[in-house]
Amino acid sequence: LTFSLLSVSLLVSFGSSMLYGYNLAVVNSPAVHIKAFYNATWSQRYGHELTPGPLTLLYSLTVSIFALGGLVGSLLVGMLVERYGRNGALSRSALLVLLAGGFMGFSRELGSPEMVIIGRSITGLHSGRLCTDPSSQLSPLHPLLQGAGEGFIFPIGSVEGIFICLGVFAAQVLSLPELLGEDRFWPFLLSVVVVPAFLQLLLLHCFPESPRYLLIERNDVCGATKALHQFLGTPDVQDVIEEMKEEQRSLSSMEMVSVWQLLRDRSVHWQTLSVVVVNAGMQLSGIDAIWFYTNIIFENVGIPVSQIPYTTVGTGIIEIIAGLIGCFTIEKVGRRPLIIIGFCAMGICSAGITVSLLLQAALPWMHYVSVACVVGIIAGFCMGPAGVPFLMTAELFTQSHRPAAYIVGGSLNWLCNFAIGFIFPFLQMSAGAFCYLVFCGVCLLVALYVYFIIPETKNKTFMEISHIFA
């Protein structure tokens, strides 16, 4: 019934979600080599090396520019899908990744740090598409094919989260000294992104366009019917066609609100505030600092340098396991418990890192506690805050308000991602061990907000949720 749909979902996730996770973690291990390259290039150009402050600034920009590209990409995705369709938008995004891989792969040969920064920004532009829900274009209205789908053994809507974890893990494995972790290989490590992008570009032509796009946007009933035949593997798709026609009629008579109208609409004031708090908190929780600067964090907590790459790979395995647990329990446990437990675990573990850093001089075994706390932050994030905010955003609003809500949530995600990636090295230099208390405070405040303000949204209609907020 769902083989073709599952294949498309896996292909899209492999070429987008996995790349997103890979680019989050890939700059962690080669940080020393990239900084050495920046220093050598600067010395060749200007006759002197960079001082620590400007070097940290330049590297922080390299790390965080990915998020600014993501912000631009998230704002453009609607226009691209509307103009070119799902397959067309994905193909153009894959071409961007090939361009970015070329910039980063040849940056050292051409002695150009600017090419690394440009390549990172372009990969961010590609990843910005993840701020929307690709499964809404992939899934016809068949109930088994939407979200986690009651009775469906494989939750298609959660595939992205798993592939993000796999992308992070792939970056950690390829960064091992035995593979691409040595100095001469770091440009190849950054440009590995071209492989999944090329495969996606190659295989996209084997699948039909989104039935929903063909019927609702192009009014191509014949094309939508053929696509549904291939996706569902059944000759009888008339019921699904009628449902999509009804959706088309509903959307044509519906006035979509803008972001400004959403922010001024008092009837959804608490829902909008909840989207702001949860999405900003997800990025300000410290998870991006963990992904971007894992090696630096482990070095500061006392892990021997030779063991850091393998310790990082271990955290990646835990991350995948936690992501799978969250993926397959969300429909049973509910959204609210997962996100509260996740943020509380992250907050406690952030405080634990501070305590272990302060005590490690007196108690050498405390660096093991620090590693356990880092693992706890990653596991807590992957089990709840990683995917629940996007799902809750869809459930808190009607269709007329939902696109604007996704723009608000997605923009905050990328802006906070940029802020953490850029500021964390300076925060760590100035506050030392106490910098993690900032993340602890954010996590606990978000958990309290969700506990007191946001209701459980599972199996509730918009009217029921709105009444609870009122």
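**Around I164**

Trainee: Which residues is I164 in contact with, leaving aside its neighbours within four places in sequence?
Mentor: Contact here means heavy atoms within 4.5 Å. Setting aside those sequence neighbours, I164 is in contact with S17, Y20 and G21.

Trainee: Before we go on, what kind of model is this?
Mentor: Residues are numbered from 1 along each chain as its sequence is written, and side-chain values use heavy atoms, with hydrogens and water left out. Local features need pLDDT of at least 70, side-chain atom pairs count only at pLDDT 80 or more, and totals for chains, interfaces and linings use all residues, since the model is predicted.

Trainee: How far apart in space are I164 and S17, C-alpha to C-alpha?
Mentor: I164 belongs to helix α6, residues 159-174; helices are DSSP runs of H or I with at least four residues, and strands are E runs of at least two, numbered from the N terminus. In sequence, I164 and S17 are 147 residues apart. In space, their C-alpha atoms are separated by 5.1 Å.

Trainee: Is I164 buried or exposed?
Mentor: Buried means under 20% relative accessible area, exposed over 50%, and partly exposed in between, using a 1.4 Å probe and protein chains only. I164 has 17% relative accessibility, so it counts as buried.

Trainee: Why does the second largest pocket lie between domain 1 and domain 2?
Mentor: A pocket is an open set of points on a 1 Å grid over the protein atoms alone, where a 1.4 Å probe fits, with protein on both sides within 12 Å along at least five of seven lines; lining residues have an atom within 4 Å of a point. Among the 25 lining residues, A31, V32, N295, I296 and E299 are the closest to its centre. The pocket lies between the domains, whose bounds come from an automatic or database assignment, because residues of its lining come from both domain 1 (1-207) and domain 2 (257-469).

Trainee: How many strands does the protein have?
Mentor: Its secondary structure includes 22 helices.
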